[in-house]
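Here is a short tour for someone opening this model for the first time. Have the view ready and follow along.

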Amino acid sequence: MLRERLQHLVDRYFSGACTEAEQKELARWIDDAKNDDALKELLEEAWQGYQPATAMPEEMSDRILTAVFKQPPAVRTNLQYRLGGWRSVAAAAAVLLLAGAAYFLLKPEEQHNYVAEQPRYRNEVPAGGNKALLTLGDGTVITLDSAANGLLAQQGRVQVMKKANGELSYEGNGGFADPAAVNTMRTPRGGEYRLTLPDGTKVWLNAASSITFPVTFRGNDRAVQISGEVYFEVAHNPSKPFRVTAGGATVEVLGTHFNINAYNGEAAVKTTLLEGSVKVSSRLSRAVLDPGQQARVTSAGSMDVESNVDLDEVMAWKNGYFLFNDADMPSVMRQLENWYDVTVSYEGGKIPERSFGGGIQRSLPLTKVLQILEENDVKFRVEGRNITVLK
């Protein structure tokens, strides 16, 4: 969740362990007014437990307090006296509590003159949002983002409902539904959507993803097929295992939380377990995962399992942000292509060798995200829905 990410960054900031990339990320979260309440609560908690190892230099705290209170040091004598031993943390917290904190956390020499850069950005591309198409068993297609809330379709005694929060759910007695009825939800590039399946399993679809499922689960299992990236919170049912087919991988569970990344063009289908247990199978091997492990199945059917994966990075898309951990240029740009529905090309056909770290909110417009990425010594040009990575 967003709050957990902020908690992590604030804790690292006050402990003095923040990397430069994390400081910049925290500054960006602070600049978004939507985060004010969460930040105030987290900072109050951090303040109570903060024990500075070393005092902040007086010159630095003077510069911070002057910027925050718009007054010279002489006017702030009483304030500084009241702060006493907490002078350092008070200055830091005051900066963090104001939306203008980014100028402090970012080194001045690293800030860009974005106004001067605008000619390369000939238009703005908005962030993605709740968009999906639902195809019913009879071939009827419903555009979910423009459909009104409430009952969308009746399949036997199963009602397809769009809730006020944009989630789609299947409700009613599935025993009276057509056993052959199969539905498919697809998100376009630039779209995401939430779904509750007929058995109560909760599903989140990332951009350019799909899930195909029966209106009622009959027989000895609950089988669905996916493409793209999908996160599941499976309703527990020991008598009916839940099976997901994605590319050359099959994942079997009884009730658990896991994420599958099965985009075309990726080197492997990646299944990451958050809690519970899953069995991942390919035509050549199988493995039972523990929480924190990730199975990677290649198109050839080989499988390897990695332990202690970064779950924050895996789940960042669901929680509303991009999170890069030493990510290379192609992997970063693939995420932007899916979320902003754009096409990426490289000037001269050469891909710059760059690595990226830190988080960026997915709610930001494209040019803002590119400006942040440009801190890594790379430039972009935006024309329509085409991004060119410059030399």
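## Strands side by side

In strand E12, Phe 242 is the bridge partner of Arg 222. Before going on, keep in mind that this is a predicted model, where local features need pLDDT of at least 70, side-chain atom pairs count only at pLDDT 80 or more, and totals for chains, interfaces and linings use all residues. Residues are numbered from 1 along each chain as its sequence is written, and side-chain values use heavy atoms, with hydrogens and water left out.

A few words on terms. Helices (H or I, at least four residues) and strands (E, at least two) are DSSP runs, numbered from the N terminus. Two strands pair if DSSP finds at least two bridges between them.

Back to E12, which covers residues 242-246. E11 and E12 run parallel and are joined by 4 bridges. E12 also pairs with strand E13 (residues 249-253), this time in the antiparallel sense, over 5 bridges. Thr 245 has Thr 250 as its bridge partner in E13. E12 and E13 make a hairpin with 2 residues between them, and Gly 247 in that turn has a positive phi of about 60°.

How do the two faces of E12 compare? Phe 242, Val 244 and Ala 246 sit on a covered face, while Arg 243 and Thr 245 sit on an uncovered one. As a rule, side chains in a regular strand alternate between the two faces of the sheet.

Now take a look at strand E10. Buried means under 20% relative accessible area, exposed means over 50%, and partly exposed is in between (1.4 Å probe, protein chains only). In E10 (residues 210-214), 5 of the 5 residues are buried, so the strand is largely enclosed by the rest of the structure. Ser 210, Thr 212 and Pro 214 are buried on one side, and Ile 211 and Phe 213 are buried on the other.

What does E10 pair with? Strand E7 (residues 182-186) runs antiparallel to E10, with 5 bridges joining them. Strand E11 (residues 222-233) is also antiparallel to E10, over 3 bridges. Thr 212 turns up in both pairings: Thr 184 stands opposite Thr 212, and Thr 212 stands opposite Gln 225 in E11.

## Single residues worth a click

| Residue | Relative accessible area | Class |
|---|---|---|
| Asn 338 | 17% | buried |
| Asp 326 | 59% | exposed |
| Asp 341 | 31% | partly exposed |
| Pro 365 | 30% | partly exposed |

Asn 338 belongs to helix H10 (residues 329-340). Contact here means heavy atoms within 4.5 Å. Leaving aside neighbours within four places in sequence, Asn 338 is in contact with Arg 189, Gly 190, Ala 207, Ala 208 and Tyr 263.

Most residues other than glycine have a negative phi. Asp 326, though not a glycine, has a positive phi of about 55°; Asp 326 is in strand E20 (residues 321-328). Asp 341 is not a glycine either, and has a positive phi of about 55°. You'll find Asp 341 in the loop between H10 and strand E21 (343-346).

Where does Pro 365 sit? Look in the loop between strand E22 (355-361) and helix H11 (366-373). Pro 365 and Gly 128 are 237 residues apart in sequence, yet 8.9 Å apart in space, C-alpha to C-alpha. Not counting residues up to four places away in sequence, Pro 365 touches Glu 124, Val 125, Ala 127 and Tyr 340.
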